[in-house]
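Subject: Structure for you to look at

Hello,

Here is the structure I said I would pass on. Please open it beside this email and follow along residue by residue.

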Amino acid sequence: MTRWRCMALVLAASGVGAAIASAQSVQYRSPAGVEYRSLPDTGAIARAERELAADPRSVERIIALGLAQSGARQFREAIATFTRGLALAPENPTLLRWRGHRYLSLREMDRARADLTRGLRLDSTNYGILYHLGIVRFADGDFNGAARAFATAQPRAPNAGELAGATDWLWMALARAGRSAEAKAMLERRPDSLPVTNAYTQRLRLYRGEIGPDAVIAPADTSDVAVATLSFGVGNWYLVRGDTARAREWFERSIRSGGWPGFGFILSEVELRRLR
């Protein structure tokens with residue numbers, strides 16, 4: 001059970017759960033009719049709003065508010081904030097990067113693709129634009145296009161965690177494009193050698209044969225997004241190996257995690273539709 005679910009049970013028992021739930025906006029409704037809501041503001045949004053009110057034409061403060069809203073899974077509100085910024089600075093690639101990312105979170109792929117493609121024309125070296133455009137292309141089934149985006153993003157990763165993420169998605173895109181030899185050779189070069197531990201490094205260990213699929217999710221992996229991310233990686237690994245039955249089981253496990261903002265959850269929805 002996640003921290004937020006525990007909190008919801010406590011609040012419901014105390015009689016204030018319904019009031020807080022009503023303040024949390026519906027962000028995404030799945031094809032099965034499941035509603036996913038935003039989280040309560042713990043103070044970051046209120047602070048960002050105050051700072052923006054003091055300087056309402058500051059693009060930096062607009063971005064800060066959008067990021068605070070995103071942290072509370074208020075993605076629709078964040079999109080409105082980034083749109084406000086684009087009215088002031090329509091050629092700002094960072095605003096397009098973040099709005100495209102948030103459209104992706106809401107499964108509005110056409111809008112995400114449009115923002116990220118436009119952003120890439122403005123700044124072809126922007127890691128965040130390249131990475132998220134790779135995710136959109138992966139969802140589209142354009143695995144060669146996704147591989148190009150991740151390969152370009154990989155050497156531009158701002159830190160070890162992002163480098164592991166770009167390496168992970170590059171392997172998956174190459175493998176799904178039928179370019180297994182290139183995927184294997186890329187991993188053997190160890191581009192992700194900087195020390196870090198996250199969900200992507202766990203998936204990379206699976207691809208390299210260092211652990212088996214049942215060891216990818218560790219007892220410490222309890223957050224909904226982590227479980228969704230790791231489960232998708234295992235499902236994709238099985239899919240590459242031609243085992244669609246086990247792939248489906250892991251994609252379904254990703255959905256059951258509840259970690260709906262995670263790319264693993266989003267792509268698990270996509271893959272389950274492809275497997276029908």
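This is a predicted model: local features need pLDDT of at least 70, side-chain atom pairs count only at pLDDT 80 or more; totals for chains, interfaces and linings use all residues.

Residues are numbered from 1 along each chain as its sequence is written, and side-chain values use heavy atoms, with hydrogens and water left out.

Strand E1 (residues 26-29) and strand E2 (residues 35-37) run antiparallel and are joined by 3 bridges. Strands (E, at least two residues) and helices (H or I, at least four) are DSSP runs, numbered from the N terminus. Two strands pair if DSSP finds at least two bridges between them. Arg29 has Glu35 of E2 as its bridge partner.

Two loop residues

Arg73 sits in the loop between helix H4 (59-71) and helix H5 (75-88). Its phi is near 60°, a positive value in a residue other than glycine. Arg73 has 15% relative accessibility, so it counts as buried. Buried means under 20% relative accessible area, exposed means over 50%, and partly exposed is in between (1.4 Å probe, protein chains only).

Arg107 is in the loop between helix H6 (93-105) and H7. Arg107 also belongs to the residues other than glycine, and its phi is positive, near 65°. Its relative accessible area is 16%, and therefore Arg107 is buried.

Helix packing

Helix H7 (residues 109-122) packs on H8 at an angle of about 140°, and their axes are 9 Å apart. Axes are lines fitted to C-alpha atoms, for helices over the stretch in contact, and angles run from 0 to 180 degrees between N-to-C directions. H7 and H8 are therefore oblique to each other. The cut-offs are: under 35 degrees is roughly parallel, over 145 roughly antiparallel, 65 to 115 roughly perpendicular, and the rest oblique. H7 and H8 have a left-handed crossing. A crossing is left-handed if the near helix is turned anticlockwise from the far one by less than a right angle, and right-handed if clockwise. Residues making the contact include Ala112, Leu116 and Gly119 of H7 and Ile129, Leu133 and Val136 of H8. Contact means heavy atoms within 4.5 Å.

Gly119 of helix H7 has a relative accessible area of 0%, so it is buried. Gly119 touches Pro93, Leu96 and Ile129, not counting residues up to four places away in sequence. Arg97 is 22 residues from Gly119 in sequence, and the two are 6.3 Å apart in space, C-alpha to C-alpha.

The axes of helix H8 (residues 127-140) and helix H15 (residues 263-274) come within 9 Å and cross at roughly 20°. H8 and H15 are therefore roughly parallel to each other. H8 passes H15 in a left-handed crossing. Among the residues that meet are Tyr131, Ile135 and Phe138 in H8, and Phe263, Leu267 and Val270 in H15.

The cores

In soluble globular proteins, nonpolar side chains tend to be buried together. A nonpolar core is a set of buried Ala, Val, Leu, Ile, Met, Phe, Trp, Tyr and Cys residues joined through side-chain atoms within 4.5 Å. The largest one has 62 residues, of which Tyr131, Phe138, Trp169, Trp171 and Leu267 touch the most other members. Helix H10 (residues 160-176) gives the most to this core, with 9 residues. Apart from this core lies another of 16 residues, among them Ile62, Ala68, Leu86 and Trp98.

Trp171 is in helix H10 and, with a relative accessible area of 9%, is buried. Leaving aside neighbours within four places in sequence, Trp171 is in contact with Ala183, Met186, Leu187, Tyr207, Asn236 and Trp237. Between Trp171 and Gly235 there are 64 residues of separation in sequence and 14 Å in space, C-alpha to C-alpha.

One more buried residue

Thr229 lies in helix H13 (residues 224-240). Its relative accessibility is 10%, so Thr229 counts as buried. Not counting residues up to four places away in sequence, Thr229 touches Ala199, Tyr200, Arg203 and Gly264.

Regards
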